[in-house]
Structures are given as structure tokens and as C-alpha cells.
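Biologist: Please show me the sequence and the structure. I have some questions about chains and contacts.

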Amino acid sequence: MLENRGIPAVSITLLKEVTEKVKPPRSLFVPYPLGFPLGRPNDPELQKKIIIESLSMLSEEVTESLVSDFIDK
Amino acid sequence: MAKISDMKMKYRIFMKTYKYRSLEWKSGVSLKKPLKDSRIAVVSTAGLHTPEQPPFKTDLPGGDFSFRVLPEDTDLGNLATVHPSGSFDHSGIEADANLSFPLDRLRELKNEGRIGESAPRHLSFMGLMLSPEKLVEDSAEEAADIFQEDQVDGVLLVPV
């Protein structure tokens with residue numbers, strides 16, 4: 001929807017199985033439980049790492065659904 | 001790591017039998033400027049709303065496809081949620097709304113010069129929509145109108 005208006009979007013995903021069916025333009029798969037999309041509460045550094053990694057995907061022109069894995073180094 | 005096979009049985013059956021929709025989207029779209037100069041908006045599905053806004057309805061057949069506009073100066077400590085889903089642990093979001101609606105993080109990233117700015121309006125949905133047709137036909141178009149009006153450069157979707 002947003003891409004059709006020229007606005008790129010990226011989704012955090014907790015369930016890769018669902019992402020593979022829905023095939024959104026860009027998603028960052030994070031290895032956390034449901035309800036914890038940005039990792040851990042009150043952990044600003046981890047939350048920012050996840051946000052920056054997902055937002056950096058907005059610069060990619062995608063032609064098919066792109067899924068990247070977040071690894072907390 | 002979250003897996004459908006680890007969910008409670010009623011959610012597992014639902015997730016396995018649900019007919020997922022995959023929408024067509026225009027390929028070749030990307031940020032038109034560097035991230036450090038871009039205006040970023042967030043869409044959360046944690047069912048968050050301000051105390052002045054009506055809560056999401058939990059008894060609508062097919063789900064509540066409406067959304068709430070959360071302005072940039074929203075105080076995260078004041079947000080309420082009525083997300084009724086027992087499919088996930090709500091304790092994290094209750095302890096820190098940034099976990100699904102990272103407004104404080106966007107403000108920090110702006111101050112650190114890593115994004116241009118946090119958009120004037122962000123959006124909150126509830127998720128749990130069993131018949132998302134209305135969402136696609138109405139709410140998603142309205143949401144896109146808002147982001148276009150606000151000249152948003154890129155959007156971060158944070159489902160719970």
C-alpha cells in the first residue's frame with residue numbers, strides 16, 4: 001500500500017513462517033518472543049540497533065520480498 | 001525465537017488454517033534521500049491509544065480495523081492498550097511501550113543524527129483482524145494519505 005504511493009516500508013517480524021506467506025517488501029526477522037518485537041523492554045541500545053538495521057533496508061530497491069535476519073552482536 | 005508450533009493450541013490451529021493475504025506492491029521503491037535526512041513514521045499493532053482516544057473494540061466480528069493517530073509529542077507513559085490477544089506476553093510492552101512503539105528511540109536517533117526526524121503523526125492499530133478486507137480497502141488508504149500529507153520518507157511497521 002505504502003510502496004504503491006512511493007513510500008518505502010519495512011516490517012519487524014517475529015514469525016518468519018507468516019512473513020514467508022504474506023511476502024511484504026522488506027522485513028527484519030528478530031529472534032525474540034511474540035510481544036517483544038524490539039527485543040527487550042528498557043534496553044534502548046538493543047532497540048535502536050534493531051530500528052537502525054530495519055530502517056537501513058529502506059534504502060534497498062526491492063523487486064521481491066526481502067527478509068533479513070537480525071543478529072545481536 | 002517465536003514459532004507457531006510453540007503457541008497455545010487454539011492459536012496454533014488458527015495460524016495454521018488462516019488464509020494469509022499477500023498484496024501486490026510496487027517494486028523498485030526506496031528512500032529518496034539518506035536515512036540521516038529522512039522523516040520516519042512508525043505503525044504499531046499493539047492496540048495503543050492515548051487516554052483521550054476511544055479504546056479499540058474487542059467485540060467486533062472480524063476485528064477492529066480502525067486506527068489511532070499518535071502525535072510526535074505523545075507521552076509514552078500515558079498510553080493505554082486493550083489488546084485482548086492471549087497469543088503473546090504483554091508484560092514487555094506494559095513495562096516499556098517503546099518495545100512496540102519506539103517513539104523515544106526515534107527522538108534519540110534524531111538527536112544522534114542517524115535519522116532526519118520522527119514524523120509528526122504515527123499510527124496505532126490493534127492487529128487481530130480476522131477479515132482484513134476493510135483494513136485494506138479503507139484504513140490502509142487513509143493511513144497512506146496521512147503519511148503522504150506529512151511527507152514521510154519511510155515507515156517502520158512493528159507488529160507484536
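Biologist: What share of the 73 residues in chain A is buried?

Modeller: This is a predicted model: local features need pLDDT of at least 70, side-chain atom pairs count only at pLDDT 80 or more, and totals for chains, interfaces and linings use all residues. Residues are numbered from 1 along each chain as its sequence is written, and chains are lettered from A and ligands numbered from 1 in the order in which they are written. Buried means 20 or more other C-beta atoms, placed from the backbone, within 10 Å of the residue's own. For chain A the share is 42%.

Biologist: Which pattern does chain A follow along the sequence?

Modeller: Helices (H or I, at least four residues) and strands (E, at least two) are DSSP runs, numbered from the N terminus. Chain A has two helices and three strands. Their order is β-α-β-α-β.

Biologist: What radius of gyration does chain A have?

Modeller: The radius is taken over C-alpha atoms, and the globule rule is 2.2 Å times the number of residues to the power 0.38. For 73 residues, a compact globule would come near 11 Å. Chain A agrees with that, at 12 Å.

Biologist: Which element gives the largest share of the side of chain A that touches chain B?

Modeller: Contact means C-beta atoms, placed from the backbone, within 7 Å. Chain A gives 43 residues and chain B gives 43 residues. Strand S1 (9–13), helix H1 (16–22) and helix H2 (44–56) of chain A each give two or more. The largest share, eight residues, comes from H2(A).

Key. A residue is buried if 20 or more other C-beta atoms lie within 10 Å of its own, exposed if 12 or fewer, and partly exposed in between; C-beta atoms are placed from the backbone. Two residues are in contact if their C-beta atoms, placed from the backbone, lie within 7 Å.
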